Structure formats: structure tokens, C-alpha cells
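Subject: Structure handover

Hi,

Here is the structure I promised you. Please have a look at it first, and then read my notes below.

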Amino acid sequence: MSEDCIFCKIIAKEIPAERLYSDERVIAFRDNAPAAPVHILIIPNKHIASMREANVEDEALLGHMQLVAQKLAIEEGIDKKGYRLVINVGDDGGQVVYHLHLHLMGGKPLRVQKY
Ligand code: 5GP
Ligand code: ZN
């Protein structure tokens, strides 16, 4: 738990969120400003600020986050048509919340981003 971290507060249920999944390692909830019809965030219960701070001890956790996303994509009915998994890292990566999170987005054809 990191003070002043909005996602730690969601984990602690101090801030409400529409939770779709939780286990001893991760929780998943709907993004409150969805960029696609399905937009879910999968986050570790452990506060890791970003991918920059992840290390080899987190290897299984990072894989678990992706498999939870895969399961949620099936539950949301978007797995057949496809979806996007994204981790924004740091300011240039567009990261706004500094608690590692995996975006699961789908439900419509997503444009290929031109940067
Ligand atoms: P980032 O840009 O850091 O990769 O993405 C942060 C995401 O968290 C954004 O898509 C934003 O809409 C979402 N978000 C920020 N604050 C909250 C919140 O309090 N509740 C929920 N459900 N999503 C949030
Ligand atoms: Zn946190």
C-alpha cells in the first residue's frame, strides 16, 4: 500500500470501483473513463509504480496479469474478435497513474495508433 495511490485505495476498497475479478495477487475493474466499449484494468495488489520498477521477482505476477486479462476477454465476449493489451510506462508512455496496470480494451475495431 502506497499513500496517495489511487489504485492502492481501490484495492483497499477506500475508493469504489466496478470489480470484475480478484485473487490474492491481482484485481481487475472497469476503467472509469473507457476508451473502448470494454476497458478493464488489471493491477497487482502489490504496489509497483510502473514497469520500470518491476523485477525478476515479479515475473510470475506479470504473466498472471496477462492470463487474467485473457480470461476476462473471454467472459466479456471479445476474445474471438480480438482485443488489445497495453501497459503505459512513464510520462512519454502516457502513464498517468503510477501503480502498474494492464489495460484490456476491445468491443470494437481499435485503430492502429500512428505516433
Ligand atoms: P494510464 O494512462 O496511467 O496508463 O491509465 C490510467 C487509467 O486509469 C486511465 O484509463 C483512467 O481512465 C483510469 N483511472 C484513473 N483513475 C481511476 C479511478 O479512480 N477509477 C477507475 N475505475 N479508473 C481510473
Ligand atoms: Zn498503488
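How do the residues of the shell around ligand 1 divide into nonpolar, polar and charged? There are 8 nonpolar, 7 polar and 2 charged residues in that shell. Before you go further, please keep in mind that this is a predicted model. Every value below is computed from it.

**Ligand 1**

In total, 17 residues surround ligand 1. The closest are Asp31, Asn88, Val96, His101 and His103. Three elements each supply at least two residues of the shell: helix H1 (6–11), strand S2 (26–30) and strand S3 (38–44). H1 gives the most, with 3 residues.

- Histidine 103: an N or O atom in its side chain is 2.8 Å from an oxygen atom of ligand 1.
- Glycine 94: a polar backbone atom is 2.9 Å from an oxygen atom of ligand 1.
- Asparagine 32: a polar side-chain atom lies 3.2 Å from a nitrogen atom of ligand 1.

How much of ligand 1 does the protein cover? On its own, ligand 1 has 520 Å² of accessible area, and the protein covers 83% of that.

**The zinc ion**

Ligand 2 is a zinc ion. Which protein atoms are its donors? They are SG of Cys5, SG of Cys8, ND1 of His47 and ND1 of His99. These atoms lie 2.0 to 2.3 Å from the zinc ion. Along the sequence, the donor residues follow the spacing C-x2-C-x38-H-x51-H.

Why is the arrangement called tetrahedral? The 4 donor atoms subtend angles of 103 to 115° around the zinc ion, so the arrangement is tetrahedral. The cut-off asks for all angles to lie between 85 and 135 degrees.

The limit for buried is under 20%.

Histidine 99 sits in the loop between strand S4 (83–86) and strand S5 (102–106). Its relative accessibility is 0%, so histidine 99 counts as buried. The side chain of histidine 99 also makes a polar contact of 3.2 Å with the side chain of histidine 47.

**Two positive phi angles**

Aspartate 4 has a phi near 65°, which is a positive value in a residue other than glycine. Aspartate 4 lies in the segment before H1. With a relative accessible area of 69%, aspartate 4 is exposed.

Lysine 13 is not a glycine either, yet its phi is positive, at about 65°. Look for lysine 13 in the loop between H1 and strand S1 (19–22). Its relative accessible area is 64%, so lysine 13 is exposed.

**Charged residues and some distances**

Glutamate 3 is in the segment before H1. At 70% relative accessibility, glutamate 3 counts as exposed.

Lysine 81 is in the loop between helix H2 (59–75) and S4. Lysine 81 counts as exposed, at 85% relative accessibility.

Is arginine 84 buried, partly exposed or exposed? Its relative accessibility is 27%, so arginine 84 counts as partly exposed. The class covers values between the 20% and 50% limits. Arginine 84 has its place in strand S4.

Lysine 114 is in the segment after S5. Lysine 114 is exposed, with a relative accessible area of 76%.

Best wishes

How values were computed: Residues numbered from 1 in each chain as written. Chains lettered and ligands numbered in written order. Predicted model: local features only at pLDDT ≥ 70, side-chain atom pairs only at ≥ 80, totals over all residues. Heavy atoms only, no water. Donors = N, O, S within 2.8 Å, 3.2 Å for Na, K, Ca; no water. Tetrahedral: all angles 85-135°; square planar, octahedral: opposite > 155°, others 65-115°. Near = heavy atom within 4 Å. Polar contact = N/O pair within 3.5 Å; in protein donor to acceptor, adjacent residues only side chain to side chain. Areas by Shrake-Rupley, 256 points an atom, 1.4 Å probe, with all protein chains shown as cover. Helix = DSSP H or I, 4+ residues; strand = E, 2+ residues; numbered from the N terminus. Nonpolar A, V, L, I, M, F, W, Y, C, P; charged D, E, K, R; others polar. Buried < 20%, exposed > 50% of the residue type's maximum accessible area, 1.4 Å probe, protein only.
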